[in-house]
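User: Here is a model I would like to go through with you. Please tie each term to its cut-off as we go.

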Amino acid sequence: MMEGMTDIDLRATAAAMVRPGTGILAADESTGTCNGRLEKLGVDPTEESRRAYRELLLGADGLAEHVSGVILFDETIRQATADGTSFPDLLTAQGILPGIKVDTGAKPLAGASGETVTEGLDGLRERITEYVGMGAKFAKWRAVINIGDGLPSRGAIVANAHALARYAALCQEGGLVPIVEPEVLMEGDHDIDRCREVTDDALVEVFAQLRLAKVDLAAIVLKPSMVLPGKAGPSADAATVAAATVDCLKQNVPAAVAGIAFLSGGQGPAAATEHLATMVGLGPLPWPLTFSYGRAIQDDVLASWAADHDLAAARAILLERAAANGDASQGKLPAAA
Ligand code: 5MM
């Protein structure tokens, strides 16, 4: 535990990350991903365009109403507004918690064809100290589980859960709340039942490893994927997705966990919002449910900005998406949905 930082502080931060009516904006695209999205929309993929786009997001007046925290990438946490305010300071001044992605990406897992293990443990203790000094309050690490022929292997599930737990323990030692993100990908033609089985297996192993690593569950936020059919699989309606996801979480996630903030995983914005509201409607549940969406919040914002660089119009979409998901986290669907 970092000097001066207590378990109580970390638990309070975790609770603040999932405070009612708010969720987390995932804006931690690594340079390659961010460039790909900019280029696709005809924007030059330069450091300055990545900075300007992030300023659009982080400087939107009123963002704090429905966004408790923003996950940043290493480049972004070191950047500043055009008039020189560092991005962590900009967020903190608005009452939004700055967070940082600390994994270095999913890399091929040796001996396991088609599977990955997320890397970034080497030097992590020192990087955490640096990020805390820059104002970060929480961190994120994403493990990726692929469904396919004979996949995932038990080895991939264990390797990824083990890394997540070592990351989480290091974060808590260094004074950051870890977001623990085991993502079961939507790629494939599997049905919702297969996704449920794999999500069960992944969560069982994640919580076993967190326990071995002595991680304080009241000072983590879990960021799972929803239980969904594969993109090329048989479709499932919102009620089915919500029931399967909530049942899976009830079976596998201890009540001590501070909160659950879902990733969107390639669902469209409307589906991600509807699924969240429908799940919350199945409560009361042992933990708050909310969002930690990237694409489901940002896609329309980026498309709007790329089209005409109209900052006000793009920010209006961002605030509308944040409000809709903030409402969904309280069980309310937008009128139009
Ligand atoms: C924002 O995207 C994150 C991954 O970025 P890289 O692949 O560039 O490292 C990703 O981890 C994201 O935080 C989560 O998957 C949630 O985003 P989505 O778009 O799935 O809601």
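User: In S3, what is the bridge partner of Ile71?

Analyst: Gly99 in S3 is the bridge partner of Ile71. This is a predicted model, in which local features need pLDDT of at least 70 and side-chain atom pairs pLDDT 80 or more, while totals for chains, interfaces and linings use all residues. Residues are numbered from 1 along each chain as its sequence is written, and side-chain values use heavy atoms, without hydrogens or water.

User: What makes S2 and S3 a pair?

Analyst: Two strands pair if DSSP finds at least two bridges between them. Four bridges join S2 (residues 67-72) to S3 (residues 97-101), so they pair under that rule, and they run parallel. Strands here are DSSP E runs of at least two residues, and helices are H or I runs of at least four, numbered from the N terminus.

User: How many bridges join S1 to S2?

Analyst: Four, again parallel, with S1 at residues 23-26. Ala26 has Ile71 of S2 as its bridge partner.

User: Why are S1 and S10 said to stand at the edges?

Analyst: The open sheet has eight strands in the order S1-S2-S3-S6-S7-S8-S9-S10, with parallel pairing. S1 and S10 (289-291) each have a single partner strand, so one side of each lacks a neighbour in the sheet.

User: Why is S2 called largely enclosed?

Analyst: Buried means under 20% relative accessible area (exposed is over 50%, partly exposed in between; 1.4 Å probe, protein chains only). Six of the six residues of S2 are buried, so the rest of the structure largely encloses that strand.

User: Which residues of H1 are buried?

Analyst: In H1 (residues 7-17), Leu10, Thr13, Ala14 and Met17 are buried. They cover an arc of only 100 degrees around the axis, so they lie on the same side of H1. The arc is taken from the directions between the helix axis and the C-beta atoms.

User: How is the lining of the largest pocket divided by class?

Analyst: It has five nonpolar, nine polar and eleven charged residues. Asp, Glu, Lys and Arg count as charged; Ala, Val, Leu, Ile, Met, Phe, Trp, Tyr, Cys and Pro as nonpolar; the others, Gly among them, as polar. S6 gives the most to this lining, with three residues.
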